[in-house]
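Please view the sequence and the model together while reading.

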Amino acid sequence: MGRKRRIEITVETDRVTIIRSDRNVLRGWCQRCGEQVSMLTVDQAASVACLTPRTINSLVEAERLHFTQTPEGSLLVCLNSVTAVTSGK
Ligand SMILES: [Zn+2]
């Protein structure tokens, strides 16, 4: 019998959905904290810290913020370190 079965899995679409879920905030492993933390995009971190994305980038370069990079190359910033920087001023 020629029963054809097609399985199409749209991995890309699923992945985007996962990233966009959970109120747009990602959970990720921060090596510097040594725990699972909320990871923010540079834009999100900027609005949380009331700073410009440019300032966030320079804080990342100065290693005052914990960060990680996604396989896609976007920068994610550890929320703990954002809070530490903003409250420690
Ligand atoms: Zn951290």
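## Basis of the description

Two strands are said to pair if DSSP finds at least two bridges between them. By that criterion, β2 and β4 pair in the antiparallel sense over three bridges. Helices (H or I, at least four residues) and strands (E, at least two) are DSSP runs, numbered from the N terminus.

The model is predicted: local features need pLDDT of at least 70, side-chain atom pairs count only at pLDDT 80 or more, and totals for chains, interfaces and linings use all residues. Residues are numbered from 1 along each chain as its sequence is written.

## Overall architecture

The secondary structure of the chain consists of four helices and four strands. Along the sequence these elements follow the pattern α-β-β-α-α-β-β-α.

Of the 89 residues in the chain, 20% are buried. A residue is buried if 20 or more other C-beta atoms lie within 10 Å of its own, exposed if 12 or fewer, and partly exposed in between, with C-beta atoms placed from the backbone. Two residues are in contact if their C-beta atoms, likewise placed from the backbone, lie within 7 Å. Among contacts between residues at least 6 apart in sequence, 44% join residues at least 24 apart.

## The sheet

The four strands form an open sheet in the order β1-β2-β4-β3, with antiparallel pairing. Its edge strands are β1 and β3 (67–69), each of which pairs on one side only. From one strand to the next, the twist averages 45°; angles run from 0 to 180 degrees between N-to-C directions, and axes are lines fitted to C-alpha atoms, for helices over the stretch in contact.

Strand β1 (residues 26–30) and strand β2 (residues 35–41) run antiparallel and are joined by five bridges. In this pairing, Gly28 stands opposite Val37 in β2. The two strands form a hairpin with four residues between them, and Gly34 in the turn has a positive phi of about 75°.

Gln69 stands opposite Leu75 in β4, and Phe67 stands opposite Val77 in β4. The hairpin of β3 and β4 has five residues between the strands, and Gly73 within this hairpin takes a positive phi near 95°.

## Packing of two helices

Helix α2 (residues 42–49) and helix α4 (residues 79–87) pack at an angle of about 35°, with their axes 10 Å apart.

The contact is made by Ala45, Val48 and Ala49 of α2 together with Val82, Val85 and Thr86 of α4. These residues divide into five nonpolar, one polar and no charged. In this classification Ala, Val, Leu, Ile, Met, Phe, Trp, Tyr, Cys and Pro count as nonpolar, Asp, Glu, Lys and Arg as charged, and the others, Gly among them, as polar.

## The nonpolar core

A nonpolar core is a set of buried Ala, Val, Leu, Ile, Met, Phe, Trp, Tyr and Cys residues joined through C-beta atoms within 7 Å. The largest one has 14 residues, of which Met39, Leu40, Ala45, Leu65, Val77, Cys78 and Val82 touch the most other members. The elements that give two or more residues to this core are β2, α2, β4 and α4.

Val77 is found in strand β4 and counts as buried because 28 other C-beta atoms lie within 10 Å. Not counting residues up to four places away in sequence, Val77 touches Met39, Leu40, Val42, Ala45, Ile56, Val60, Leu65, Phe67 and Val82. Val77 and Val60 are 17 residues apart in sequence and 8.1 Å apart in space, C-alpha to C-alpha. Val77 is also the bridge partner of Leu40 in β4. Leaving aside neighbours within four places in sequence, Leu40 is in contact with Val25, Ala45, Val48, Leu76, Val77, Leu79 and Val82.

## Two loop residues with positive phi

Most residues other than glycine have a negative phi. Cys50, in the loop between α2 and α3 (53–61), has a positive phi near 55°. Cys50 counts as exposed because it has 8 C-beta neighbours inside 10 Å.

Glu63, in the loop between α3 and β3, has a positive phi of about 60° although it is not a glycine. Glu63 is exposed, with 10 other C-beta atoms within 10 Å.
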